[in-house]
Amino acid sequence: MRLRSLTLAAASGTALLAAGLLPAHASAVPTPRSAQEGTVSAADLLSKVTSCSQVSNGKYQTDEETSATVPVCGKNGAVFWKADLDIDCDGQRTTNCNEDRDPWYQDDTAFHQSDGKPLKAETLPYIVVPSTSGIWNYSNAGIKGGGVVAVIYNNKVEYAVVGDTGPTKIIGEASYATAKALGIDPDPATGGADSGVTYILFKNSKVSPIESHSAAVSLGNQLAQQFLSNN
C-alpha cells in the first residue's frame, strides 16, 4: 500500500485522459461475481458492528489529506473498521496490475504465496492493514498475514485475506480482485469507493495456502457464523 493523495489521483486521471491513455473501461463499475459469498448475510454481519469498542490508541485517516476519523474496534473473535476502499494493485504483474496501469505500483506484497512469490492483486481478494505503529499493532491483536476478512459493501459479502501492509496512519485499502467482486470500480488510478466499506478481521485465523480463495471462503463462512453466535 502506498501513500495516495486524492489530488494526485485526480491529477493522474486528468493527465491520462488528456493523453488519451485512460482505458475506456476505467470508469465502468464491474458486475460482482455474486451477491455474497457464503451463507451469512451482509445484514447479519453489519448488525453486530453497529457500535465501536475502540481497541486502537488513536484513529486513522482514510486518505493523506483527510483527518483521522476511523478507529479500530473490538468484538469477540474479531476487530473491525468502517472506511473507504482504495485499490491495491501490488504484487505480481498482470494485465491490469502493473506500472502502466497503476501510478503507485510495487512488485511485492508484505505476505507471499506458498511458493514464495508475491500475491496477485488482480485475482486474489486481499486487504491491506496499517503497518505497526503507536496507533495499533495488528499482530498483537491476533491479526496475521493470511488471516480471514469479511469485506462488506452495498449488501455484499466478500471474503478476503490479509495480504499487504500500508502506511502507519492510513486505513481502507483492498486488492483489485476484492473491489471487482464487490462491484466497485477496480481501476488502480481512478477506482475505489469513498465510503461505506466494513472490514471484519477474524482473530487468529489463517488461510492455507494464502492464495486459495476457495479456502478463504470456506473458513470465512465458518468464522462468520461463529462471530454471529459470539456477539
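Partly exposed means a relative accessible area between the buried range, under 20%, and the exposed range, over 50%. The views below come from a predicted model.

**View 1. The disulfides of the chain.** A disulfide is a covalent bond between the sulfur atoms of two cysteines. The model holds 2 disulfides. With the bonded cysteines of the protein chain numbered in sequence order, the pairing reads 1-2, 3-4.

**View 2. The disulfide of Cys52 and Cys73.** The sulfur atoms of Cys52 and Cys73 lie 2.0 Å apart. This pair links distant parts of the chain, 21 residues apart. Cys52 sits in the loop between helix H2 (42–46) and strand E1 (73–75). Cys73 belongs to strand E1. The torsion about the S-S bond of Cys52 and Cys73 is about -100°, so this disulfide is left-handed.

**View 3. Accessibility at Cys52 and Cys73.** Cys52 has 40% relative accessibility, so Cys52 counts as partly exposed. Cys73 has a relative accessible area of 4% and is therefore buried. The cut-off for buried is under 20%.

**View 4. The disulfide of Cys89 and Cys97.** Here the sulfur atoms of Cys89 and Cys97 are 1.9 Å apart. The S-S torsion for Cys89 and Cys97 is about -65°, which means a left-handed disulfide. Both Cys89 and Cys97 are buried.

Terms used: Residues are numbered from 1 along each chain as its sequence is written. This is a predicted model: local features need pLDDT of at least 70, side-chain atom pairs count only at pLDDT 80 or more; totals for chains, interfaces and linings use all residues. Side-chain values use heavy atoms; hydrogens and water are left out. A disulfide is a pair of cysteine sulfur atoms within 2.5 Å. Helices (H or I, at least four residues) and strands (E, at least two) are DSSP runs, numbered from the N terminus. Buried means under 20% relative accessible area, exposed over 50%, partly exposed in between (1.4 Å probe, protein chains only).
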